[in-house]
Amino acid sequence: MVIELPAHVLTDTRLVSASSTRFRVNIITSRCKECGICIGICPTKVLVKGSKHNEYGFRYPTPANIEKCIGCKLCEYNCPEFAIFVEVLGK
Amino acid sequence: MPSGNSHPLDQYLRTARLPHIWCPGCGIGIALGGVIRAIDKRIKEGVLKKENVVFVTGIGCSARTSFYVNFDAAHTLHGRAIAFATGAKLAKPELEVIVIGGDGDIAGIGGNHLLHAAKRNMDLIVLMITNFVYAMTGGQVAPTTPLGLYTTTTPHGNPEPPLNVVKVVSSLNANYVARASVTHPLLVEQYMYKALGMRGFRFIEILSTCPEVFGRHIGVRDPLTLYNSLRSKVIIKQSPSIDESDLDWEKGLVIGEYLIRDNPSFLDRIKGGSK
């Protein structure tokens with residue numbers, strides 16, 4: 001018997017990324033524990049609360065407003081789970 | 001490996017063990033990230049070798065750090081991490097031994113070892129992650145709990161003034177005493193980077209958040225709210241005096257570099273007489 005999973009349960013998205021012309025924000029979804037520090041700490045509100053769950057049942061954030069990113073890396077430094085990293089793509 | 005699709009710190013972490021055991025919003029992960037970034041900077045400078053870094057931890061939430069770092073590590077008895085680290089350093093002096101513990105482990109159970117390692121100016125880095133309670137055992141009052149706060153064992157407010165570990169260690173023979181906070185992770189990295197380039201006994205207290213146990217009793221259960229309330233209480237000073245270092249939840253918690261000295265360490269003394 002095949003159990004149908006509801007649509008909000010993710011299948012395989014270990015890495016959720018979004019990039020503007022200068023920065024790429026990557027979220028390793030399986031490490032997230034939904035503490036919300038990254039969402040609260042971001043000075044330009046790039047990250048918003050997500051609706052999808054990871055395999056442990058936590059709703060990871062999504063970099064929805066990536067065009068506002070200024071590359072301060074506060075989310076990377078303040079993530080207790082080593083789940084977010086920011087790459088600089090170009091000047 | 002920093003580029004591509006892996007976290008820049010993945011080379012120093014046992015990624016197969018992640019996600020780690022700490023509760024959502026726990027500050028230990030932020031503190032560990034800052035510490036590993038400082039080690040990474042020193043390794044890239046060529047000052048430090050990856051195989052010479054040793055983590056020694058005792059018992060407690062913050063002692064679980066030795067399970068997640070990809071360095072040599074020892075998980076020892078409750079409070080005896082400094083004693084174990086002293087032995088490791090004396091047996092192999094080229095090691096850079098880093099002791100991580102909570103306030104209950106380092107200041108409470110292992111307080112005597114802390115005093116004597118600081119008295120000897122033993123070549124160790126001791127990081128005390130202060131979350132103000134014994135969190136793993138259920139939130140009992142710790143030596144560092146500020147006056148008047150609620151914990152599991154003080155339902156009418158803590159009647160005892162807290163132990164100021166920064167002041168205690170400063171009164172002994174330590175070479176570097178600083179206090180950082182997880183709400184300012186770049187300062188954790190900066191102090192750790194500085195400590196890695198020094199000799200003798202280096203002590204860094206890192207104020208941390210514990211939303212699950214500490215926050216629940218003081219009425220701030222949400223990780224972000226507790227993080228912001230600790231952030232609003234932290235006062236950064238460039239060179240604070242030791243008299244300002246008292247842990248006072250109402251007036252604020254002063255962070256900064258309290259003491260920088262370059263006295264001969266224990267290994268200098270036993271190797272080359274009294275330099």
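This is a predicted model: local features need pLDDT of at least 70, side-chain atom pairs count only at pLDDT 80 or more; totals for chains, interfaces and linings use all residues.

User: Thanks! How many aromatic pairs are found over all chains?

Analyst: The search for ring pairs covers the whole structure. Over all chains, the number of aromatic pairs comes to 6.

User: Which kind of pair do Trp22(B) and Tyr68(B) form: stacked, tilted or edge-to-face?

Analyst: The ring centres of Trp22(B) and Tyr68(B) are 5.3 Å apart, and their planes stand at 70°. Planes over 60 degrees apart count as edge-to-face. The pair of Trp22(B) and Tyr68(B) is therefore edge-to-face.

User: Where in chain B do those two residues sit, and how many residues apart are they?

Analyst: Trp22(B) belongs to the segment before α1 (28–45) of chain B, while Tyr68(B) is part of helix α2 (residues 65–68) of chain B. The pair thus links distant parts of the chain, and the separation is 46 residues.

User: Are Trp22(B) and Tyr68(B) buried or exposed?

Analyst: The cut-off for buried is under 20% relative accessible area. Trp22(B) has 4% relative accessibility, and Tyr68(B) has 6%. Both Trp22(B) and Tyr68(B) therefore count as buried.

User: What about Phe132(B) and Phe214(B): which type of aromatic pair is that?

Analyst: Here the distance is 5.4 Å centre to centre, with 40° between the planes. Stacked needs planes under 30 degrees apart and edge-to-face needs over 60, with the rest counted as tilted. The pair of Phe132(B) and Phe214(B) is tilted.

User: Which parts of chain B does this pair link, and are the two residues buried or exposed?

Analyst: Phe132(B) is in the loop between β4 (125–130) and β5 (133–134) of chain B, and Phe214(B) is in helix α8 (residues 211–218) of chain B, 82 residues apart. The relative accessible area of Phe132(B) is 0%, and Phe214(B) is at 2%. Both Phe132(B) and Phe214(B) are therefore buried.

User: Which ring has the charged end of Arg42(B) over it?

Analyst: The charged end of Arg42(B) lies 4.0 Å from the ring centre in question. Lys41(B) also lies over the face of that ring, at 4.7 Å from the centre. The ring belongs to Tyr193(B).

User: Let's move to the contact between the chains. What area is buried between chain B and chain A?

Analyst: The contact takes 33 residues from chain B and 23 residues from chain A. Carbon and sulfur atoms give 64% of the buried area. The area itself is about 2200 Å².

User: Which residues form the salt bridge across that interface?

Analyst: The rule finds 1 salt bridge across the interface of chain B and chain A.

User: Which element gives the largest share of the side of chain B that touches chain A?

Analyst: Between the two chains, 7 residue pairs are in polar contact. The elements giving two or more residues to that side of chain B are α1, α7 (185–196) and α9 (223–233). The largest share, 5 residues, comes from α1(B).

User: Within chain A, which strands does the salt bridge of Glu87(A) and Arg24(A) link?

Analyst: The closest N and O atoms of Glu87(A) and Arg24(A) are 3.4 Å apart. The two residues are 63 residues apart in the chain. Glu87(A) counts as buried at 12% relative accessibility, whereas Arg24(A), at 28%, counts as partly exposed. The strands are β5 (residues 84–88) and β2 (residues 23–28) of chain A.

User: In chain B, how many residues apart are Glu257(B) and Lys194(B), and which elements hold them?

Analyst: These two form a salt bridge, with the closest N and O atoms 3.5 Å apart. Glu257(B) lies in strand β10 (residues 253–260) of chain B and Lys194(B) in helix α7 of chain B, so the pair ties together parts separated in sequence by 63 residues.

User: One last thing: which residues are joined into one network by salt bridges that share partners?

Analyst: One salt bridge to start from is that of Arg59(A) with Glu34(A), whose closest N and O atoms are 2.9 Å apart. Arg59(A) is partly exposed at 34%, and Glu34(A) is partly exposed at 24%. The network joins Glu34(A), Lys49(A) and Arg59(A).

Conventions:
Residues are numbered from 1 along each chain as its sequence is written. Chains are lettered from A and ligands numbered from 1 in the order in which they are written. Side-chain values use heavy atoms; hydrogens and water are left out. Rings of Phe, Tyr and Trp (its six-membered ring) pair if their centres lie within 6.5 Å; planes under 30 degrees apart count as stacked, over 60 as edge-to-face and the rest as tilted. Helices (H or I, at least four residues) and strands (E, at least two) are DSSP runs, numbered from the N terminus. Buried means under 20% relative accessible area, exposed over 50%, partly exposed in between (1.4 Å probe, protein chains only). A charge sits over a ring if NZ of Lys or CZ of Arg is within 6 Å of the ring centre and within 35 degrees of the ring normal. Contact means heavy atoms within 4.5 Å. Buried area is the accessible area (1.4 Å probe) that two parts lose on being put together, summed over both. A salt bridge is a side-chain nitrogen of Lys or Arg within 4 Å of a carboxyl oxygen of Asp or Glu. A polar contact is a pair of N or O atoms within 3.5 Å; within protein, one must be able to donate a hydrogen and the other to accept it, and residues adjacent in sequence count only if both atoms are side-chain atoms.
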